[in-house]
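Look at the structure first, then read the points by topic.

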Amino acid sequence: MRYLPLTPDDRAAMLARIGAKSIDDLFVDVPSAAVVDRGRFALPDGMGELEVERHLSRLSAKNLAAGSAAFFCGSGAYRHHVPASVDHLIQRSEFLTSYTPYQPEISQGTLQYLFEFQTQVAMLTGMEVANASLYDGSTAAAEAVEMARRITKRAKVVLCGGLHPHYAATITTLAQLSGGEIIAAPRRPGQGEDLASLIDGETACVVIQSPDVFGLLHDLRPLAEAAHAKGALLVAVLNEVVSLGLLEAPGAMGADIVAAEGQSIGNGLNFGGPYVGLFATREKFLRQMPGRLAGETMDAAGRRGYVLTLSTREQHIRREKATSNICTNSGLCALAFTIHLSLLGEEGFARLARLNHARAVLLAERLGAVRGVELVTQNFFNEFTLRLPRPAEAVIDALVEENVLGGVPASRLFPGDSAAQSLLIVAATETNSTDDIETYAHALAKVLS
Amino acid sequence: MSQTRFSKDHEWVRLEGDVATIGITRHAAEQLGDVVFVELPEVGRSLSAHGEAAVVESVKAASDVFAPVSGEVLEVNVALTDDPAGVNADPEGAGWFFKLRIANRGEFDSLMQQAEYDALVKES
Amino acid sequence: MTMNNQGRPTTPGTAGATLPDTLSGDHGLDHEEKLIFELGRRGICGVDLPEAPAHKARLGGLERRQKIGLPGLSEPEVVRHYVRLSRNNYAIDAGLYPLGSCTMKHNPRLNEKMARLPGFSDLHPLQPQSTVQGALQLIQELMHWLMELTGMPAVAMSPKAGAHGELCGMLAIKAAIAARAEHRPRVLVPESAHGTNPATAAFAGFRVDQIPASGDGHVNIEALRAKLDSDVAAIMLTNPNTCGLFERRILEVAEAVHQVGAFFYCDGANFNAIAGRVRPGDLGIDGMHINLHKTFSTPHGGGGPGAGPVVLSKALAPYAPLPLLVGDANGLRLVEDRSSLPTNSDPFGRMCAFHGQMGMFVRALSYMLSHGADGIRQASEDAVLSANYVLASLKDVMTAPFAEGPCMHEALFDDSFLADTGVTTLDFAKAMIDEGYHPMTMYFPLVVHGAMLIEPTESESKESLDRFVAVLRGLAQEAKAGRLERFAGAPHYAPRQRLDETAAARRPVLRWTEAKIAQAAE
């Protein structure tokens, strides 16, 4: 086996030093009833690289990769172009094959990029502090709600109707454990929501997503005011972080906690994971924040350096009193995010965002002009909802035949909701050429005719 | 005339009239190492004896501070919030945590005297 | 002979006794590197993007009014910055990484290559399911491996890390108890457990009740029995345990737990010691997460991302969270909501958006296929052999609380050999950095004073282990001989000396700000 350096002679010599006759002597504590024969497993024996590549390439080839089609899916995962240097850098051994930076003297590489990442996330979201990342946007949103409940010591959580349903389900699963009461606002695709009337003196937080799952943009300011007036916090959720290149930061609109999916920057679609959860808040709530934090300090020689800090909030010290049970971050995905955003800089990030918006505006015009199709979302960033004259799922399946992955039917996200049957959620990014957009418009017209 | 008593959880209590000042002992502060954060109770909160009252943290440990006696919180040492090192500098003086109006004098009387506490520390 | 006709000296010469510091502040390959925000400037960009064509904005007046403040840099500057940062990190690719309970084993690059096949990496989680059948097959194949190796009938794939898997397992237990209309608020956790166990149990809404340690590093079964009652929901037990020992009375534990109607959750962090030799399903376990980033070698990446699928017993299987993967005549299908559940399924909810850590699934399966069932068994045996070899080679100079052995995949030492030397566990570990090694896990498990937990893994050659052993023996002897200069203030040869963690925690600086430049300039 190519990954195992010990030879039979080595093993014999090592057993001799230990004073064991055979490897079985080292497993004496295993009850004999639980010892399994080699032949017990219905699993193959080892393979060489070539065979493994052959096997997995065959599975890969059975899928329709986004890049092989005209591609317009969003709904929480977005296809952007990632510069080649990003993937090269994150594959450097020192980043890829290191552990959590518990020994800061020999982990400054990781600690410094986490500090840079935290700074970037705080800047983008308009917040004071950010952590070193959580698993993904949905778990970040669930942690945000738990944090708001700890801070306010209240039970009620108001979820906007435009919240991504997977996020709502993740939040609900977690909140119910500790007696949280979820109040889900009705869905109003493409329309504003009246959440203020759902907030009362028992409300811990109100969760608003903008752009929402239908692509609609919301002004957070009136809602922040309404929440704060009742002593509740505003949790802002984002699926598409590139929107912050063009749109007002949630922090500038009064959000108290921002939970966002960071996949769009630096990270591929990967069929849903691994992604990177962005989590930012105000400094006064720092001690209630979950997750790892890198902080600046000095070494014994007076040189600037970084360490993991405020870890008394975390499980390995606080155990059952920890702010969260999270024991990791999404380190390498956070690194990809940081490198990509460093390459973009202020100018590139704004340009990327404008490009996304322009593509989506063009796509909305073209698709909206197809007979029988209605544009449901009037104000959007790079994603919007269409109402089709037929059930959207069948249309999407038919579009696959035209080599178009035309978006996500709302029925996949809201099964059983008859109003969602005809809705289609469509996203466009800088990766969509004008040809792609024309291809889609023609294919949609053909499928609907 | 004030009197000082000690709890087995390494808190000290100094009683003046019906006002008790509470902190952690020198021994506890030494064991904890450099204190980096102190969380104090809200003024006006009523605490019960042996209940969690405050939190004191070093880099690698977080410890609860218990109220050795019951009472209502009158005042907290906000200076510690800005400068937690004060706990290490003078744990049994300027590094006090909070003051209580005690509810039950008997609870105070049942705590340890200095000599008794010193013996406990020596044993451990 | 060949003349050195350039007049260049070709021998190293004699180093001066006291060297002046360098002019640049850098030292050979060791470069000081500023923050990216201090390197950038306005008017430059490392990505060439076209300007957006003219369009009528539809942003509803919500345009950003303020600049973000991101620095501008060209591509070579960004590449150099992160390459330089990377060189300040220790890595398993560069040396033995003996962190106990973390499993720093070799990360094959084949796995990276496979994860980047466009049919996996460039796949949207909500594409029509007919277009992702290969990806679903891969998940199914991985599920088969996990269920076979553990002897368990079901597996939930969506948890994103070990602790997330623990939570998933405990929620399944909670749901099973609710389905029986029982009230079981208490969860038993041994003192020696990973911190995630009590944190998870509390997060899941249970009350944590600690089982005191026994003197021999195994679970105290009498203490456990004393705490078992009809209000106990579960025990959370790590096996092999955090002292690196196989819980030899595990069958009794399972029986006692089941007798009171409670569930047996196993922390599978140490599955890598027994994979291919022991099936947790044969030990009476009801749920166990598997850290794909440990046992199946997906890279740790400086602290994530990982993946933590959870295998479940028949009793817990119905409560596995959404989404579920089911197969029928039309192929494989993801069940993403409650409207189309298979029979006997009653998911407790959802752990996260989408279907789990696909990128990690591909890497783990690539690793499993490379090893095969035979190779996985061999890897476990080599990991255990190497740990016992380290234990046997060091126990005369370092003190091992359970020296009689055998241990599993990690060797535990305590600090009694350092008593009265003036050297602490921390000093000893930091001195290892100067010797070119990453320290072992220190001060964990909590039940052993000054613990040092060494996990060499199966990835080291005998020569590598011998060299490591020689260095540790040398350090132990130096400590006992009172040569403290090697330890006090170590490391001396790392990119940084010891960092002031107290100052970092007292006055947290968690981000760069523009104001700080102004301060620095003063």
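A polar contact is a pair of N or O atoms within 3.5 Å; within protein, one must be able to donate a hydrogen and the other to accept it, and residues adjacent in sequence count only if both atoms are side-chain atoms. By that rule, 94 residue pairs are in polar contact across the interface of chain A and chain C (both at pLDDT 80 or more). This is a predicted model, in which local features need pLDDT of at least 70, side-chain atom pairs count only at pLDDT 80 or more, and totals for chains, interfaces and linings use all residues. Residues are numbered from 1 along each chain as its sequence is written, chains are lettered from A and ligands numbered from 1 in the order in which they are written, and side-chain values use heavy atoms, with hydrogens and water left out.

**Chain A and chain C**

- Contact (heavy atoms within 4.5 Å) joins 195 residues of chain A to 204 residues of chain C.
- The size of an interface is often given as the accessible area lost when the parts come together.
- Buried area is the accessible area (1.4 Å probe) that two parts lose on being put together, summed over both; between chain A and chain C this is about 17,300 Å², with 62% from carbon and sulfur atoms.
- A salt bridge is a side-chain nitrogen of Lys or Arg within 4 Å of a carboxyl oxygen of Asp or Glu, and 13 are counted between chain A and chain C.
- One of these links A:E105 and C:K430, whose closest N and O atoms are 2.8 Å apart.
- Helix α10 (residues 331-368) of chain A gives the most to the side of chain A that touches chain C, with 23 residues.
- Helices (H or I, at least four residues) and strands (E, at least two) are DSSP runs, numbered from the N terminus.
- By class, the side of chain A that touches chain C has 97 nonpolar, 56 polar and 42 charged residues.
- Ala, Val, Leu, Ile, Met, Phe, Trp, Tyr, Cys and Pro count as nonpolar, Asp, Glu, Lys and Arg as charged, and the others, Gly among them, as polar.

**Chain C and chain B**

- Five residues of chain C are in contact with nine residues of chain B.
- In chain C, the residues that lose the most area to chain B are C:E501, C:T502 and C:R506, together 76% of what that side buries.
- The area buried between the two chains is about 570 Å², and carbon and sulfur atoms give 49% of it.
- The side of chain C that touches chain B has one nonpolar, one polar and three charged residues.

**Two domains in chain C**

- An automatic or database domain assignment gives the bounds of domain 1 (110-366) and domain 2 (373-503) of chain C.
- The contact takes 25 residues from domain 1 of chain C and 18 residues from domain 2 of chain C.
- Their C-alpha centres lie 30 Å apart, and the two domains bury about 1,700 Å² between them, 64% of it on carbon and sulfur atoms.
- One salt bridge is found across this domain interface.

**A sheet in chain B**

- Six strands of chain B form an open sheet in the order β1-β2-β3-β9-β8-β5, with antiparallel pairing.
- β1 (3-6) and β5 (46-47) of chain B stand at the edges, each with a single partner strand, so one side of each has no neighbour in the sheet.
- Two strands pair if DSSP finds at least two bridges between them; β8 (residues 71-76) and β9 (residues 98-102) of chain B pair over five bridges.
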